[in-house]
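Please look through the structure slowly, moving from contacts between charged side chains to a helix and then to a sheet.

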Amino acid sequence: MRRIDAPLYNAVIAVADKDAVRFHMPGHGGVGEDASFFASAKYDLTELDGLDNLLSPVGAIAEAEALAAEAYGASDALILTQGATCGVHIALLCVRGAGRIICIGDMHKSFWHAATLYNAEVYRCDIDGLRKGLDGGAGSVFITSPDYLGNAADLKSINAVCKEYGVPLIVDAAHGAHYAFSELLPVNPVLNCDIAVFSQHKTMCAYGGGAIICVSEAFSQIARVNRSFIHSTSPSYLISASVDYCRALWTARGEEFYQDISREVKAFSKMLPEPYTHIGSDDMSRVVIGCGGDAHSVMSALSDRGIYCEAAIGDKLVCIVTPYNRFKLKDLAKALADIKAAPLHERERLQLASGGVSGRVRVARIDDCVGKRACMPIGFYPPGTPEIFAGDILDERAVKFIKDNKDRLFGLASGGVVVVE
């Protein structure tokens, strides 16, 4: 095994390499039934001597978090094994008692679920409406940056306005975990906010669910308290150690990685067959392809060929390029030459009246939902931003939208819609 400056990763390897008899959870005992599927089972451990405790770290995890804070330029960093969703919940809990929350632009469904669970008052606006929202009173501001297409907000200017009003800025930077490690990428969000949530599993090499929340000194203690409230008491050591490992690897080789990726992406852009176009974004490792039609049809056709993309949003196909797949961009370009996008049917964004979310909750058949109030946000996943919000009164257009896209939507249950009556 490769030893790098990753204390948790190294501790997990040291414990796992012992010829030990395991009478502890997880029940696969480090072996499992299928040797191929459970190839990493020996590293799937629990809170043993030498491995520390994620919810009260004093050893290897504490060291790993200190190194993560240093790498990201944060006062403190908390490792998570339940994705950026857990980080968003922690962040919202940190500020929910401070007053109304302003959110700028689209937010991930995890934000809206947390706002509902913690009974937070949310005011939605665009960047131009931020001052107006702050003039009405607020305790915090949330924004997503970068967005799913790799575009970063002007966090420096937004943060300056927040500081002027004395409110913290919280950034859902799930797709920007790699920004801190190369000058070729957008500015590290941590430099211009009070709390930033990152998903190392999205753009780096952490296992699924690997994430970090970076916080300023003012939020360090409360963030740790909130993590202990909502995080699993059985966090995955495979995931947490992989977060530690990728932080160390990207610290050592980040500039090299993105120089290589930049060259490959530039070459790919020249290889794209018509009518496909490479749409530029702030993050050159986020390859966005204009399809000239319905990108979902293109993504499905690629899937049939064993090529899997991150998302299809309207006429845009989204691909995340990393050190591990950059060599395959030429295969993507070649496959696209044989695929034609289906026509894209444009539609207007739904504008619905709101009726609140208090009342009896039940799951209703889609056809019976006209006039009912949605209990949960509903939208396409990815990107995970709602088209319908909790409390919205569903009209015929909304019900048709749900019925036409039910296989691609989040927020449904057992094929029906969760409503409030």
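Which residue forms a salt bridge with Arg362? The partner is Glu421, and the closest N and O atoms of the two are 2.8 Å apart; a salt bridge here is a side-chain nitrogen of Lys or Arg within 4 Å of a carboxyl oxygen of Asp or Glu. The pair links distant parts of the chain, since Glu421 lies in the segment after strand E17 (416–420) and Arg362 in strand E12 (residues 361–364), 59 residues apart. Helices (H or I, at least four residues) and strands (E, at least two) are DSSP runs, numbered from the N terminus.

This is a predicted model, in which local features need pLDDT of at least 70 and side-chain atom pairs count only at pLDDT 80 or more, while totals for chains, interfaces and linings use all residues. Residues are numbered from 1 along each chain as its sequence is written, and side-chain values use heavy atoms, with hydrogens and water left out.

By the salt-bridge rule, the count comes to 18. One of them joins Arg227 to Glu65, with the closest N and O atoms 2.7 Å apart. Arg227 belongs to helix H8 (residues 220–230) and Glu65 to helix H2 (residues 60–72), so this pair ties together parts that are 162 residues apart in sequence. Both Arg227 and Glu65 are buried, where buried means under 20% relative accessible area, exposed over 50%, and partly exposed in between (1.4 Å probe, protein chains only). Glu65 and Arg227 are also linked with Asp76 and Arg224 in a network of salt bridges.

Turning now to helix H10 (residues 295–304), you will find that Ala295, Val298, Met299, Ala301 and Leu302 are buried. Seen down the helix axis, the buried residues of H10 fall within an arc of 160° (taken from the directions from the axis to the C-beta atoms), so they line one face of the helix. An α-helix has 3.6 residues a turn, so residues three or four places apart point the same way. The buried residues of H10 pack against strand E10 (311–313), strand E11 (316–320) and helix H11 (329–336), contact meaning heavy atoms within 4.5 Å.

Strands E10 and E11 belong to an open sheet of 4 strands in the order E8-E9-E11-E10, with antiparallel pairing; two strands pair if DSSP finds at least two bridges between them. Strand E8 (277–279) and E10 stand at the edges, each with a single partner strand, so one side of each is left without a neighbour in the sheet. E10 and E11 pair over 3 bridges, and Ala311 stands opposite Val318 in E11.
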